[in-house]
Amino acid sequence: MINTTKIRKDFPILDKKILNQKDLIYFDTAASAQKPEHVISEMDNFYRQNYSNVSRGIHTLSVESTFAFEEARVKVQKFINASSEKEIIFTKSATESINLIAQTFAEKNINEGDEIVLTTMEHHSNLIPWFLVRDKYKCTIKFADIDKNGHVDKEHFASLLNDKTKIVAITHLSNVFGTETNSEILKLCNDRNIPVLLDGCQSAAHLDIDVQKLGCDFYVFSGHKLYGPSGIGILYGKEEILEQLPPYQGGGGMIADVTLDGATFTSLPAKYEAGTPPIVEAFGLGVAIDYVTEIGMNNINNHETELTKTALNEMMDLDFVEIYGTSSDKNSIISFNLENIHSHEVASFLDVEGVAIRAGHHCCQPLMKKLNVNSTSRMSFGIYNTADEIKVFIDAIKKCRDFFKK
Amino acid sequence: MNDLLKELYQEIILDHGQEPRNFGTCENHNKSADGHNPLCGDKVHLSFYLDENDIINDIKFSGEGCAISIASASLMTEKLKGMKLSEAQSIFNDFTKLVKGDADTLEILNDEDSLFALKGVEAFPMRVKCATLAWHTFKSAVENK
């Protein structure tokens, strides 16, 4: 069990009153998590006490910054159990991480007629980078079906894999359904030696991640969904694969030797970190990792799974609520619509009640089309949420239904 | 009920949101455009017939979206039907100001106008794009030759 009373005191923003002096109920952690005081103050302190550019510096501040930056890399490595810190690349976002892999992997491995396998429920950030590859290399993208709960259809998925399949990119935890991709799906790829990219944007904050056990070759996530700052993304890639891939961006920090005729590139991870990196953001992510690690990822997972079950049970009793995906393995995310009320209305109504939810297509337009809806509302939980907040939410959606009743 | 919500969802908005007027496609249109809000997925198709005197003779819309975007489109078609194009363009400017909280500088619209029902949007900056979708679609239809 986790002590939410204690945890809530760590998040200054939870003291904020919304519009009508309502207590903030933050049910939008899947979009971005709030930040604990410790992350905010440590980053502030870093700017005041230790800040300088990283690498190559001789002076004290440069050494301190470099040390803190590299220490953060080791924290990330341990957090997801990568075998070496060389496998952890700092980017500006998970989206950039996926683009990095899509571009460099395709340049090395994808030719006309090759195939990439995705699913129909991917976030736009795990669709569009591959669309760009498709346009550039004239390859084909195949989309695995999902069932109504957001589980990948295993048989259909298996039928898409063949000798032309060069890479599979798939969400680890759906940002619409909250369901986890089954390990059997990854095993099908592993059995055929097809590299897998797992989009861990939602899973990194809710599950205990072990990239070696998962059987993925690439795993991406962002700092801001893990109670850390925005502006920092992570790319994990197996060392032996990343070493073979070409550079992504050129610039300072990623070279070994430069003449006016050309350059040789440095080794991992610096090879993929051209330019001044997000220094304080990486440091802040390290602080956030310490924070969640101290609470315990399994404890966090249990807490959020309980909240999800509570909310799901309450909502399933309401005949005016349609829920998208009701399987018991849902984790921290519930997408829903109120009968005959557009999700925008629901979001504005709840906002005035102090409840922050997200409304729209959640960057999953193809999935919305498949669900035959224009948009959905989405509530999502973090470590600071409580069952009492769910009660307020349930009352609020009832009021919303009454308000818009014809 | 909260005053901001009452202001946003006035009776007329809920009415037009649920039963939009001028819904469909103009049979003999010579101007049309599609509007799309990629951030939320709302869509509108607008068509109208602009006669030789630059009068908007008939105007209709179709699409899907929230109550605010549908009601705004519906009220817009009611307002613009039979209006001279140049006046419609001035109203476009006024309406944009109205929903962005700049009602003091309007040139044509006054507070007895049905479009004032959408003034409540000013308290919800994220909903301005809902209220203006149909209007921007109108503008692009005008600009389409």
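How many bridges join strand β1 (residues 31-37) of chain B to β2(B)? Seven bridges do so, and the two strands run antiparallel. The structure is a predicted model, in which local features need pLDDT of at least 70, side-chain atom pairs count only at pLDDT 80 or more, and totals for chains, interfaces and linings use all residues. Residues are numbered from 1 along each chain as its sequence is written, while chains are lettered from A and ligands numbered from 1 in the order in which they are written.

**Strands of chain B**

- Helices (H or I, at least four residues) and strands (E, at least two) are DSSP runs, numbered from the N terminus, and two strands pair if DSSP finds at least two bridges between them.
- Five residues lie between the strands in the hairpin of β2(B) and β3(B), where B:Asp54 takes a positive phi near 65°.

**Sheet of chain A**

- Four strands of chain A make an open sheet in the order β13-β14-β17-β16, with antiparallel pairing.
- Because β13 (321-324) and β16 (358-360) of chain A stand at the edges, each with a single partner strand, one side of each is left without a neighbour in the sheet.
- From one strand to the next, the twist averages 30°.
- Strand β14 (residues 333-338) and strand β17 (residues 376-380) of chain A run antiparallel and are joined by four bridges; A:Ser335 stands opposite A:Arg378 in β17(A).
- Helix α12(A) lies across β14, β16 and β17 of chain A and runs at about 160° to β16(A). For such angles, axes are lines fitted to C-alpha atoms, for helices over the stretch in contact, and values run from 0 to 180 degrees between N-to-C directions.

**Contact between the chains**

- The contact takes 16 residues from chain A and 17 residues from chain B, two residues being in contact if their C-beta atoms, placed from the backbone, lie within 7 Å.
- On the side of chain A that touches chain B, α12 (343-352) and α13 (365-371) each supply at least two residues, and α12(A) gives the most, with five residues.
- The residues of that side of chain A divide into five nonpolar, nine polar and two charged. Here Ala, Val, Leu, Ile, Met, Phe, Trp, Tyr, Cys and Pro count as nonpolar, Asp, Glu, Lys and Arg as charged, and the others, Gly among them, as polar.
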